[in-house]
Amino acid sequence: MEIRHLELLRELSERGSLAAVARATHRTPAALSQQLRTAERELGVKLVEPVSRGIRLTSAGQLLADGATEILHSLASLRAELDAATGEPRGKVTVQALPSAGAPLLPDLVRRLAGSPLTVQLSDFLSMERFASFARDADIVIGHHTTPRPAPQTAEGLITTVLAHEPLDIALSTRHPLADQDELHPSQLVGLPWVGVPEGYPFDAVPAAVEQATGEPAHRVCRLRDNHLVEALVARDVGVGVLPRFASRPGPGIALRPLVGAPAERTIIALSRPERHARQAVRTVLDELREIGQTLTAEG
């Protein structure tokens, strides 16, 4: 039984089709089919069977796919012990990040690891809707959730690392009468228009908390995903918004004020598959990220 065969079966189980596995692993479906046939010959059992739109795992194939994670985790742990015994961690660590969650962390991470045997490969994603699924392709996936709401799509079987707790501030035009206040209370926001985010997105928890604290509805004049768009509209007095304190560099015309009397905080987290997390290189990068995040939290 070869490790590459177990990896293929697990990928097929999680991604659902040979085409999806091929795209994710940068191989052709034909090459993967050949690998499956080789595995079947070596094991003497059928691992896949045809269905109307492709193939699916047989009961034997699913059995091996389910056991693959534990085996791969054990191998990664063994490699981590070898790395620890032979010197400092090295190799490539892939990191995918939601831009606003990665912005306060990744620049310092790259600076800290410059000149080390570790190489960090960075990429980003724009939506939290498939947050957990990115852990299939990256060693570390950085996103967020609002307190006290649990992390969205934190899939069972993934390891969650808390990196930072970041205040979510109320963004106002500097011309707004409330911009003169050092802090804001929910009662002061009643009746104001909001430049909001899509329903279900973490930052929407702040106007929702204001609604709960005051018993009055918060009117979202629009719902936008991009923080820069939110900032641009707030600067033009379209409404008040919510921006993360560490990740925001407000331009002219924008004032950020803390909200007291209602929950207004996000937790920046990292997700990793257990076998990826077992690598010493991945844990080293997570330790660096956590240290950066703890410094931000203490200063924030």
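1. Helices α1 (residues 3-15) and α4 (residues 59-86) have axes that come within 8 Å and cross at roughly 120°. That puts α1 oblique to α4 (65 to 115 degrees would be roughly perpendicular, under 35 roughly parallel, over 145 roughly antiparallel, and the rest is oblique). The crossing is left-handed. Helices here are DSSP runs of H or I, at least four residues, and strands are E runs of at least two.

2. A word on the source: this is a predicted model, with local features needing pLDDT of at least 70 and side-chain atom pairs counting only at pLDDT 80 or more, while totals for chains, interfaces and linings use all residues. Residues are numbered from 1 along each chain as its sequence is written, and side-chain values use heavy atoms, leaving out hydrogens and water.

3. Now the α1 burial. H5, L6, L8, L9, R10, E11, L12 and R15 are the buried residues of α1 (buried means under 20% relative accessible area, with a 1.4 Å probe and protein chains only). Their cover includes α2 (18-25), α3 (29-43), β1 (48-51), β2 (54-57), α4 and α9 (274-277). After α1 comes G16, with a positive phi near 90°.

4. Next, α2 and α3: their axes come within 9 Å and cross at roughly 110°, so α2 is roughly perpendicular to α3. On the α2 side L18, V21, A22 and T25 meet P29, L32, S33 and L36 of α3 (contact means heavy atoms within 4.5 Å).

Terms used:
Axes fitted to C-alpha atoms, helices over the stretch in contact; angles between N-to-C directions. Left-handed = near helix turned anticlockwise from the far one by under 90°. Buried < 20%, exposed > 50% of the residue type's maximum accessible area, 1.4 Å probe, protein only.
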